[in-house]
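Here's a quick tour of one protein chain, taken a piece at a time. Have a look at the fold first, then read on.

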Amino acid sequence: MRNLLLSVATVLMAGATVAAPAQSAQLPKGAAHNIVLVHGAFVDQTSWKPVADILTKKGYNVTLVENPLTSLAADVDATKQALAKQNGKTVLVGHSWGGVVITQAGDDPNVSALVYVSAFAPDVGESLASLAKSGPATEGAAAIHPDEKGNLYIDPKVFPSAVAADLPAEIAESLANHQLPLNHTAFEAPVDKAAWHDKPTFYVISTKDKVIAPEVQKLFAERMKAQTTDVAGSHASLVVHAKEVAAVIEEAALVK
């Protein structure tokens, strides 16, 4: 999976990554220097590589969290370990399931802002399972099924169109066939903290998302009083629209 996603990022960023001029490594005065990126279910941390490459070239200290996807507690612990290594203000970013994780882990005192990218954003007492039931059914959500061990996958036949319709077909199919499962206990676990109540919050809404309906993303953002940005992308907008996503993260880094 790691090599596959690195290859995906390389293909998509080829010819698109702008070489940063030398002075771009000088961050704006007062900006958070640290960015911690939390990935969603079914993929690994390299799904953030296109965004990470952009931010690193601009001088940010970028950390990719490797979620075990075995439980909410385990993913929160992995994120908190990453946060503990940061020195100073940090922007914490989550995609998809990663939104649940940053909601719980984002109360760290170094976290200056939260960014949700096509992400679930629960309140205290809510779980991914309860959020999934509350919104309109989507093609992607309907295709999530457990295996005999209780691990959740998206039907590989549905994955390309539901999750990554704007990726090349062969890449989307490869991702579908190399999914990392999310344990069902993570799906059912409620958060007992909601950091967005106390942190400046940003939300990137993917208007062509077939996993989390765009109207549900908008509701999450409105409830959190988040500053929103729309991108015309699928659930994989963090890859396809990396430049726009990175720009929102940079905006969050400027929060005082």
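## The annotated domain

A word on the labels before we start: UniProt positions are given in the numbering used here, and the annotations may be inferred rather than shown by experiment. Keep in mind, too, that this is a predicted model.

With that said, the unreviewed UniProt entry carries the annotation "domain: AB hydrolase-1" over residues 35-247. Along that stretch the chain is 38% helix and 20% strand.

Search the whole structure for aromatic pairs and you get two. In one of them, Tyr116 and Tyr203 have ring centres 6.1 Å apart and planes at 5 degrees, so the pair counts as stacked. Tyr116 belongs to strand β4 (residues 111-117) and Tyr203 to strand β8 (residues 201-206), so the pair ties together parts that are 87 residues apart in sequence.

## The largest pocket

Now for the largest pocket, which holds about 590 Å³ of space. Its lining takes in 38 residues, and Phe42, Ser96, Ile154, Val211 and His235 lie nearest the centre.

Which elements build that lining? At least two residues each come from α1 (2-13), α5 (128-134), α6 (139-142), β6 (151-154), α7 (159-163) and α11 (237-240). Helix α5 gives the largest share, three residues.

Technical notes: Residues numbered from 1 in each chain as written. Predicted model: local features only at pLDDT ≥ 70, side-chain atom pairs only at ≥ 80, totals over all residues. Heavy atoms only, no water. Helix = DSSP H or I, 4+ residues; strand = E, 2+ residues; numbered from the N terminus. Phe/Tyr/Trp six-rings, centres within 6.5 Å; stacked < 30°, edge-to-face > 60°. 1 Å grid on protein atoms, 1.4 Å probe; cavity = no way out; pocket = protein on both sides within 12 Å on 5 of 7 lines; lining within 4 Å. Points joined across faces, edges and corners; volume = space filled by probe spheres on them.
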